[in-house]
Amino acid sequence: MDSTSRSGRFDLSANKLVEDFNATIMIEQRNCPFDIKNSQAHATMLGRQGIISQADAEAICKGLDQVAQEIRDGKFVFSTADEDIHMAIEKRMTQIVGPAGGRLHTGRSRNDQTTTTTKMMLRHTIREVQGAILDLQKEVVEIAGNHLDVIMPGYTHMQTGQPILFSHWMMAYFWMLERDFTRFNDLYRRMGRCPLGSAALAGTDFPIDREFTAKALGFDAPTENSIDSVSDRDHMVEFNSCAAMCQMHLSRLSEELVTFSTQDFKFIELSDDFCTGSSIMPQKKNPDIAEKIRGKTGRTYGNLMAMLTIMKGLPLAYNTDLSEDKEQVFDSIDTLLSSLRIMTPMIAKMTVNAEKMREGADRGYSNATDLADYLARKGVPFREAHHIVGSMVNYCIKHGKKLDELTMDEYKQFNDKIEEDIRQDIALEACVKARTSYGGTAPEAVRTQLEEARRVLREETQSLA
């Protein structure tokens with residue numbers, strides 16, 4: 001990465017196999033706009049500092065503008081002979097402006113150049129990802145707010161646990177996504193230091209102004225240590241980590257959408273335009289998009305492990321191993337953004353089957369905990385109440401009854417403290433309404449949660465504006 005030419009030091013030209021093997025130019029083209037801004041800021045700084053003439057600095061910047069236009073127009077020729085976009089862009093710019101172009105690389109190395117460019121790209125991408133997260137969060141809040149009275153079973157171990165509001169279940173994913181949003185925010189801030197000016201590893205003896213280039217490129221300040229600056233890929237490892245966690249949350253939601261849309265549940269139905277059919281079974285309506293998101297999660301996990309493995313045991317400072325950093329990150333970017341952007345309209349168009357959800361909550365003894373709580377309020381120690389209700393459930397299973405279908409004589413067989421008020425206490429609506437603790441499933445608690453979520457959305461939407 002340090003050398004910009006084989007002339008002088010080498011007797012032989014690079015083997016074509018070496019050119020192709022070493023080249024990253026074909027996978028890193030999305031970095032071109034950021035690399036050009038990087039170079040323009042560097043050239044401007046060189047001119048301001050009198051390291052090169054103002055005329056040369058302006059010529060370089062204009063030449064880079066032309067290169068940028070050629071790239072946008074699809075006229076720029078990318079060749080593995082140039083190895084990477086940095087060399088390709090500088091070479092083409094020099095062809096345009098002449099000898100002045102050769103002065104651009106004064107006081108810098110590709111080592112600090114590539115890290116700066118990638119940090120710029122990732123900071124831009126983080127804002128894109130956060131925007132997509134917010135769009136999905138807004139849809140989650142909209143769906144939850146429109147279904148505040150829908151009761152469904154809540155599960156542990158995929159066994160019916162307690163009745164909850166569908167809106168409460170939906171909002172669980174809002175807060176998962178909120179942690180993702182803030183994780184990316186934290187990473188964005190940590191990436192606020194600019195490596196440009198660190199040169200190959202030791203800095204430079206030219207009187208550069210790193211504060212100027214850092215601010216010109218949207219960073220907060222320059223990095224503090226030139227050796228660390230050129231060998232650091234923490235931001236790329238961490239991006240893959242944040243992406244993997246966010247994708248994991250999407251995968252969990254996808255799994256439940258797949259499960260709840262089965263014929264056995266029928267809690268929801270996904271819109272036809274987000275499903276596919278079978279090549280042999282004409283009745284099938286498969287939740288392929290949710291399954292695809294779930295499947296793609298493995299890619300993001302693999303990308304994280306690949307980046308960690310690339311970095312394992314690397315000595316300071318730059319090593320060509322680091323040129324393998326981009327492919328995994330780019331794949332995580334594309335995988336996460338596409339998953340977020342398709343999940344949002346998919347859940348927006350799904351149908352919520354309130355009747356089926358309530359039936360599910362009603363048939364799984366989901367009010368058993370409330371019956372135990374009822375006995376505890378009557379003075380029965382909770383552990384004893386827990387055992388009593390377990391016996392009652394066993395009795396109901398054997399006799400094909402629900403807990404609220406027992407006669408008063410049957411109730412009394414288990415505990416004589418049970419009175420007529422038991423029926424209203426263990427009705428599903430009562431069970432849900434009773435969970436008024438902060439963060440609970442009672443309608444008033446969920447409304448509070450929705451108000452807080454809307455406040456968070458307002459603030460975070462404003463922060464991205």
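Is glutamate 419 buried, partly exposed or exposed, and what is its relative accessibility? Glutamate 419 counts as partly exposed, because its relative accessibility is 37%. Welcome to this structure, which is a predicted model.

**Salt bridges**

- Side chains of opposite charge can pair when their charged atoms come close.
- Glutamate 419 has lysine 412 as a salt-bridge partner, with 3.7 Å from N to O. Lysine 412 is partly exposed too, because its relative accessibility is 33%.
- Arginine 455 and glutamate 452 also form a salt bridge, and their closest N and O atoms are 2.5 Å apart. Both sit in helix α18 (residues 443-464), where a spacing of 3 residues puts about one helical turn between them.
- Arginine 455 is partly exposed at 31% relative accessible area, and glutamate 452 is partly exposed at 27%.

**A buried pair and its network**

- Arginine 233 pairs with aspartate 325 in a salt bridge whose closest N and O atoms are 2.7 Å apart.

**Two crossing helices**

- Helix α3 (residues 54-72) and helix α4 (residues 85-97) have axes that come within 9 Å and cross at roughly 115°.
- The crossing of α3 and α4 is right-handed.
- On the α3 side, the contact is made by Ala59, Ile60, Gly63, Leu64, Gln66, Val67, Glu70 and Ile71. On the α4 side, the residues in contact are Ile89, Arg92, Met93, Ile96 and Val97.

**On the surface**

- Leu201, Ile227 and Leu316 make up a nonpolar surface patch, and together they have about 280 Å² of accessible area.
- Leucine 201 is found in the loop between β3 (193-194) and α7 (210-216). Leucine 201 counts as partly exposed because its relative accessibility is 38%.
- Glutamine 413 is part of helix α15 (residues 408-414). This glutamine counts as exposed, with a relative accessibility of 56%.
- Between the C-alpha atoms of glutamine 413 and phenylalanine 184 there are 58 Å, and the two residues are 229 apart along the chain.

**Backbone spots to look at**

- Most residues other than glycine have a negative phi, and most peptide bonds are trans.
- Leucine 316, a member of the nonpolar patch, is joined to alanine 317 by a cis peptide bond with omega near 5°. Alanine 317 lies in the loop between α10 and α11.
- Alanine 199 is not a glycine, yet its phi is positive, at about 60°. Alanine 199 lies in the loop between β3 and α7, and it counts as buried at 7% relative accessibility.
- Tyrosine 365 has a positive phi as well, near 55°. Its place is the loop between α12 (354-363) and α13 (368-377).

Key. Residues are numbered from 1 along each chain as its sequence is written. This is a predicted model: local features need pLDDT of at least 70, side-chain atom pairs count only at pLDDT 80 or more; totals for chains, interfaces and linings use all residues. Side-chain values use heavy atoms; hydrogens and water are left out. Patches are made of residues with over 30% relative accessible area and no salt bridge: like charges are joined within 9 Å, nonpolar side chains (Val, Leu, Ile, Met, Phe, Trp, Tyr) within 5 Å. Accessible areas come from the Shrake-Rupley method with a 1.4 Å probe; for residues, only the protein chains shown count as cover. A salt bridge is a side-chain nitrogen of Lys or Arg within 4 Å of a carboxyl oxygen of Asp or Glu. Helices (H or I, at least four residues) and strands (E, at least two) are DSSP runs, numbered from the N terminus. Buried means under 20% relative accessible area, exposed over 50%, partly exposed in between (1.4 Å probe, protein chains only). Axes are lines fitted to C-alpha atoms, for helices over the stretch in contact, and angles run from 0 to 180 degrees between N-to-C directions. A crossing is left-handed if the near helix is turned anticlockwise from the far one by less than a right angle, and right-handed if clockwise. Contact means heavy atoms within 4.5 Å.
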